[in-house]
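This report describes how the inside of one protein model is put together.

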Amino acid sequence: MIAFDDIALGYAVMDRDHADSLELWEAAKAAPAGALAAPFAAFANHLREHFAREEALMTEKGFFALHCHSGEHARVLEGIASVEAELAGGGEERARRYLRHQFPDWFHNHLATMDRVTAAFLANAP
């Protein structure tokens with residue numbers, strides 16, 4: 001389990017989005033067999049909105065690593081779209097593996113690296 005205290009970066013907009021991401025991730029992970037599509041869609045839609053907010057902030061403040069960070073977001077969203085396509089066809093196994101393994105591993109790494117640097121930059125930007 002990922003705890004909020006482990007992900008707080010001290011930049012309110014990002015911290016709120018990360019907390020919401022965890023809540024939706026937990027809900028999707030807990031979905032019973034045959035009922036994953038809707039909670040996964042809510043999780044995926046939130047990630048799209050979350051990344052868009054983050055990228056808008058980085059653009060507005062002139063973040064030096066915008067293209068690298070937004071490229072990582074694009075890569076994740078591409079994978080999410082692929083999982084959603086399989087879910088639409090009734091296949092849940094890949095989505096469940098993504099939720100159990102890929103997302104938490106990626107999330108920890110992304111927060112510890114790109115998001116930590118981004119939050120510090122944004123907190124000190126005029």
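In this predicted model, the largest nonpolar core is made of 22 residues. L36, F40, F43, I80 and F103 have the most contacts inside this core.

The largest share comes from α5, with seven residues. A second, separate core has six residues, among them L9, L57, A119 and L122. In soluble globular proteins, nonpolar side chains tend to be buried together.

Leaving out residues up to four places away in sequence, I80 touches F40, F43, A44, L47, R48 and Y98.

Next comes a pair of helices. The axes of α4 and α5 come within 12 Å and cross at roughly 170°. An angle over 145 degrees counts as roughly antiparallel, and α4 and α5 are therefore roughly antiparallel to each other. On the α4 side, the contact includes H69, H73, V76, I80 and V83. On the α5 side, Y98, W106, H110 and M114 are among the residues that take part. By type, the residues of this contact are nine nonpolar, six polar and five charged.

Is H73 buried or exposed? H73 lies in helix α4, and H73 counts as buried because its relative accessibility is 1%. Apart from neighbours within four places in sequence, H73 is in contact with F51, E54, E55, M58 and H110.

Technical notes
Residues numbered from 1 in each chain as written. Predicted model: local features only at pLDDT ≥ 70, side-chain atom pairs only at ≥ 80, totals over all residues. Heavy atoms only, no water. Core = buried A, V, L, I, M, F, W, Y, C linked by side-chain atoms within 4.5 Å. Buried < 20%, exposed > 50% of the residue type's maximum accessible area, 1.4 Å probe, protein only. Helix = DSSP H or I, 4+ residues; strand = E, 2+ residues; numbered from the N terminus. Contact = heavy atoms within 4.5 Å. Axes fitted to C-alpha atoms, helices over the stretch in contact; angles between N-to-C directions. Parallel < 35°, antiparallel > 145°, perpendicular 65-115°, else oblique. Nonpolar A, V, L, I, M, F, W, Y, C, P; charged D, E, K, R; others polar.
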